[in-house]
Amino acid sequence: MLADNCKLIFVEIKPMPSQRSLFLHHVAQTSPWPMVIEVERAEGMYLYDKDDKRYLDFDSGFSVSSLGHRHPVVIKALEDQMAKYLHTTVYGEHIQASQIRFAMKLEECLGPDFGTVYYTNSGSEAVEVALKAGRKITGRYRALSCKNAYHGSTLGAESLRSDIAYTSALMPGVPGIDHIGFNSWEDLEKIDSSIGILIMEVVQAEAGVILPDPAWLRAVRDRCTRHGCLLAFDEIQTGFGRTGKLFAHQQYQVFPDLLIMAKGMGGGMPVGAVAGSQQLMHCFSSRPALGHITTFGGHPMSLAASVAVLEFMAESGIMDTVGDKVELFKKELDHSAIKEVRSAGLLMAITLEKAENLGPVVSGLLESGVMVDYFLFNADSFRIAPPLIVTPDQIREGCALIKSVLDKVIG
Ligand SMILES: Cc1ncc(COP(=O)(O)O)c(C=O)c1O
């Protein structure tokens, strides 16, 4: 019984919206089929969601976390930098110690032709820098890239894509861009003295790990040199030890004029860069000056992490472990549903006998706690690109889960 002076107040209790529905509403989506994993924390080889479900990371966020998550050398470098300062002007104005240290270490690893660096926020921005450098250095606006390549999502980088399925809604793009077939001898003719720059991957990542014919790669280099066309290698996915060398081109002994990097460079921090000789890389400082400027490119926090990653890669011996790990993956991935395993070190494409099994396998793996991913331009393969710190036991554990998902999918 209520006292006379009490009123009943009805309050409509609405259920709290889930993080999932808030995410789908408030965060702009890039596809109708997002993964929607609520990551709570990540450490080493593993990600953990809000229910403490553990995922073995066989993707590294598309080759970003090459030293795993929160690697101690990266965390230490970030803490040290955070105690000093977060940001001051980055693009060649204020003297940033870690920008110098990174470039000097890169020069020590690759030689003086890669000792001067322009730092960016991302891989796409680094590709833009290379595209602009091509025009500025050669005075030619025409550029080439390879078919089935992905170089980023800014308009210049998108213009380098050959597949119109993704780019048609954006056209017209940057003018003067044409494409050559990767490993196509015929298309080498397109490299002539009207072309300012050829931007290409050494190993085609999004095409599904397509390796170059070494003789073709050398012929590309020769033809570029002969026609005064700059050659830029986009090593954004293949860099920083992923293939067992610091950069994939070292294995082929074919050297670009400009080297584009990002992803694994920052150990999880956003950064990118273009490296080349001092003569080439000073192209933005005159005719006119301020040829490319960027508020956050080469941010002190990102560069502190990048120095830690580069020094660790160069000195720890971790790249020497890649070969054995790849062999173990290949041995463990023996299954009747797998047609082929292609690999450029720990960048691997697992091709299935039946393309229609790809979706169920990738989502089955996610359910089983193994993170792998698709390729942009390969409909029957999934990607395995784990952090280089992956142990033999983790390779066996992950491959056993892959095989049991394959068993379930093929029935
Ligand atoms: C080969 C390659 N180039 C460029 C990019 C673009 O890099 P970002 O996403 O950092 O802009 C990517 C990203 O996936 C890439 O794989």
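In this predicted model, the ligand is surrounded by 15 residues, the closest of which are S122, G123, S124, G152 and I236, a residue being counted as near a molecule or strand if its C-beta atom, placed from the backbone, lies within 6 Å of it. The shell around the ligand divides into six nonpolar, seven polar and two charged residues, where Ala, Val, Leu, Ile, Met, Phe, Trp, Tyr, Cys and Pro count as nonpolar, Asp, Glu, Lys and Arg as charged, and the others, Gly among them, as polar. Helix α5 (residues 123-138) provides the largest share of this shell, three residues; helices (H or I, at least four residues) and strands (E, at least two) are DSSP runs, numbered from the N terminus. Residues are numbered from 1 along each chain as its sequence is written. Because the model is predicted, local features need pLDDT of at least 70 and side-chain atom pairs count only at pLDDT 80 or more, whereas totals for chains, interfaces and linings use all residues.

The protein is divided into domain 1 (30-63 + 319-410) and domain 2 (72-316), with bounds that come from an automatic or database domain assignment. The centres of the two domains, taken over C-alpha atoms, are separated by 27 Å. To the contact between them, domain 1 gives 20 residues and domain 2 gives 22 residues, two residues being in contact if their C-beta atoms, placed from the backbone, lie within 7 Å. On the side of domain 1 that touches domain 2, the elements giving two or more residues are α2 (60-63), α12 (322-332), β11 (338-344), β12 (347-352) and β15 (378-384), and the residues of this side comprise 13 nonpolar, six polar and one charged.

The largest nonpolar core has 110 residues, and those with the most contacts inside it are A130, I260 and V274; such a core is a set of buried Ala, Val, Leu, Ile, Met, Phe, Trp, Tyr and Cys residues joined through C-beta atoms within 7 Å. Helix α11 (residues 300-316) supplies the largest share of this core, ten residues, and at least three residues are drawn from each of domain 1 and domain 2. Among the contacts of V274, with residues up to four places away in sequence not counted, are Y118, A126, A130, L258 and I260.

S60 lies in helix α2 and has a phi near 60°, a positive value in a residue other than glycine. S60 is classed as buried because 29 other C-beta atoms lie within 10 Å, the cut-offs being 20 or more such neighbours for buried, 12 or fewer for exposed, and partly exposed in between, with C-beta atoms placed from the backbone. S60 is also touched by P386, whose contacts, not counting residues up to four places away in sequence, include D57, F58 and L346 as well. P386 is found in the loop between β15 and α14 (392-410), and is buried, with 28 other C-beta atoms within 10 Å. A positive phi, near 50°, is also found at V36, in the loop between α1 (19-26) and β1 (39-43); V36 counts as exposed because it has 9 C-beta neighbours inside 10 Å.

Cis peptide bonds were also identified. One joins M171 and P172, with omega about 5°, and P172 is found in the loop between α7 (164-167) and β6 (177-180). Another joins R287 and P288, with omega about -10°, and P288 has its place in the loop between α10 (278-281) and α11.
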